[in-house]
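These are my notebook entries on a single structure. I record what I looked up, entry by entry, and give each term where I first need it.

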Amino acid sequence: MTAPGLWPDSFDFAGFNAPIGEEYAIDNVEVEGEIPREIAGAFFRAGADPKFHPTVAKDTFLSGDGVVSRFLVEDGKVSFRIRYVDTPRHLAEVQAGRALFGAYHNPYTDDVSVRDLDRTTANTTPIWHAGRLFLSKEDAHSYEVNPHTLETIGPWTYGGKLRTLTTSAHPRFDPQSGEMFIHGYEAAGPCSRDVAFCVVDAKGELVSETWFEAPYCAMLHDFALTENWAIFPIFPTISEIDRLRAGGPAWIHYQDRPSYLGVLPRYGQGSDIRWVKGPDGLSGYHIMNAYEERVGDTTLIHVDHNVMETNIFPFIREASGIDASPADIRAALMRWTIDLDRLEDGWTETALGPPGDMSRTASCDQGRPYRYGFYANYDPGVGPPHAHSVVGAGFNCLQRIDVQSGELVVLPLGPDRSVNEPVHVPSAEPSGAGWLLAVVDTHSTMTSELWFLDAGDIAKGPVAKAKLGRRLRPQIHGSWVSMDALKASVRRPVDED
Ligand SMILES: [Fe+2]
């Protein structure tokens, strides 16, 4: 359990966001309805759950210790387990019996006893590649975790080959080659403008690592990948070393500084990067998809993502002196299009759909022309905001958008529920729409359920629910791993033999 006492008085620690601090397993989760038999595999989730009271008066949900959880689905049955990611930070704090690390993303606020320790919480994304599971955050290397036992194995540096000090929580995959592409910002240390870009082959070998310099040290959370290009969105949420050294907030959003898209051939050198300049003050975190379109003699690149007029995180807006409530922030799912022959013209934007976040597609659609995207949004007409997840108001709708026709299918969840990021599970039939899995949280009962939806007809609601009967702290990101892939994993289920 978490340490008793008072937590900071904010939504980050209230309602569904209240710390839990338990590791446990449930063999037979109650299932309502019938789970389609073709859904067989593991839904891994990364989350944040602080074990000890923070050392700073204000703290963010994002600072919490990493927890990894797994819903294992097979033959219509579901089991569940959850464990802390045993990072050096977590182990040191458990040994000390108190928090030792300070403010979010600011190593200069840490206890002197841990100045040389890796301060990542590895709480953001479970990444599956080449038979291994990694828990990642963007401020250090990822940590390998045994997918069967959820035991932490250690930091992953590709046999010591990695030069960058960080790898992000949002790698991109080529669904045809099986390659993984990863970036790392602050590659040379806190507030450095160096960004690393790495190619990892389908066998998990680091093939290349190249660096480029961003216009400023941006919170470069995600990037876009097409068949031939990597696109890096740079928004003016900026870290600066003097402020960090003074113990100040790591991230300030500047409304008066421009945004950029960095354009790099995906097998190019960092020196090949070209910059497209855009409007001031924009923000965004997650790319839904991107692809190339050949028009005459030129190539267009389309990047589909949620774009906001300012930063969405309350703790960043507060530090930046930006007075705006989430409901007042203008945002939309946008398509940004650049012409590779006319980068100096900037990008054109086309609104695709209502604002939201946590967008996903089928894995096979990544980087190619596609039709369907899935994401969550908050509709005030469905219900009041609930303390849930990192932005302070839980999402209460799941949506499927047809980016070709514009058709939007919405599943409103009612005034009492919040939904976490969905994950797409392919159908065994090549023509099948597949399935959408998402954890849905009910506020009146403080319980969490895993919902199974037909990805071709989400509006009809779940075909089955796995009812945990207890509360999960909201997930940050999740990943689906098929049973075949899980059985072929590098690590063995040593404690299950
Ligand atoms: Fe993310």
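**Entry 1: terms and source.** I count two residues as in contact if their C-beta atoms, placed from the backbone, lie within 7 Å. I note that this is a predicted model, in which local features need pLDDT of at least 70 and side-chain atom pairs count only at pLDDT 80 or more, while totals for chains, interfaces and linings use all residues. Residues are numbered from 1 along each chain as its sequence is written.

**Entry 2: asparagine 306.** I looked up its contacts, leaving aside neighbours within four places in sequence, and found Gly284, His286, Ala331, Leu333, Pro355, Gly356, Asp357 and Ser359. Asparagine 306 lies in strand E21 (residues 298-308); helices (H or I, at least four residues) and strands (E, at least two) are DSSP runs, numbered from the N terminus. Is asparagine 306 buried or exposed? A residue is buried if 20 or more other C-beta atoms lie within 10 Å of its own, exposed if 12 or fewer, and partly exposed in between, with C-beta atoms placed from the backbone. Asparagine 306 counts as buried because it has 25 C-beta neighbours inside 10 Å. I also looked up tyrosine 84, which is 222 residues from asparagine 306 in sequence and 31 Å from it in space, C-alpha to C-alpha.

**Entry 3: isoleucine 153.** This residue belongs to strand E9 (residues 152-155). I list isoleucine 153 as partly exposed, because 15 other C-beta atoms lie within 10 Å. Not counting residues up to four places away in sequence, isoleucine 153 touches Glu144, Val145 and Asn146.

**Entry 4: the largest nonpolar core.** A nonpolar core is a set of buried Ala, Val, Leu, Ile, Met, Phe, Trp, Tyr and Cys residues joined through C-beta atoms within 7 Å. Which residues touch the most other members of the largest one? Among its 120 residues they are Val195, Ile231 and Leu437. Strand E30 (residues 435-442) gives the most to this core, with six residues. In soluble globular proteins, nonpolar side chains tend to be buried together. I then looked up valine 195: beyond its neighbours within four places in sequence, its contacts include Trp211, Phe212 and Phe232.

**Entry 5: strand E30 and its partners.** Seven of the eight residues of E30 are buried. Two strands pair if DSSP finds at least two bridges between them. E30 pairs with strand E28 (residues 417-419) in the antiparallel sense over three bridges, and serine 418 has aspartate 441 as its bridge partner in E30. Strand E29 (residues 423-425) is also antiparallel to E30, again over three bridges, with histidine 424 opposite leucine 436. Eight bridges join E30 to strand E31 (residues 447-454), and these two run antiparallel. In the hairpin of E30 and E31, four residues lie between the strands, and methionine 446 takes a positive phi near 50°.

**Entry 6: an open sheet.** I found four strands in the order E14-E15-E18-E19, with antiparallel pairing. Strand E14 (224-225) and strand E19 (274-280) are the edges, each pairing on one side only.

**Entry 7: helix H1.** Which residues of helix H1 (residues 88-96) are buried? They are Arg89, His90 and Glu93. Seen down the axis of H1, they fall within an arc of 95° (the arc of the directions from the helix axis to the C-beta atoms), so they line one face of the helix. Strand E5 (77-84) is included in what covers them. Just after H1, glycine 97 takes a positive phi of about 75°.
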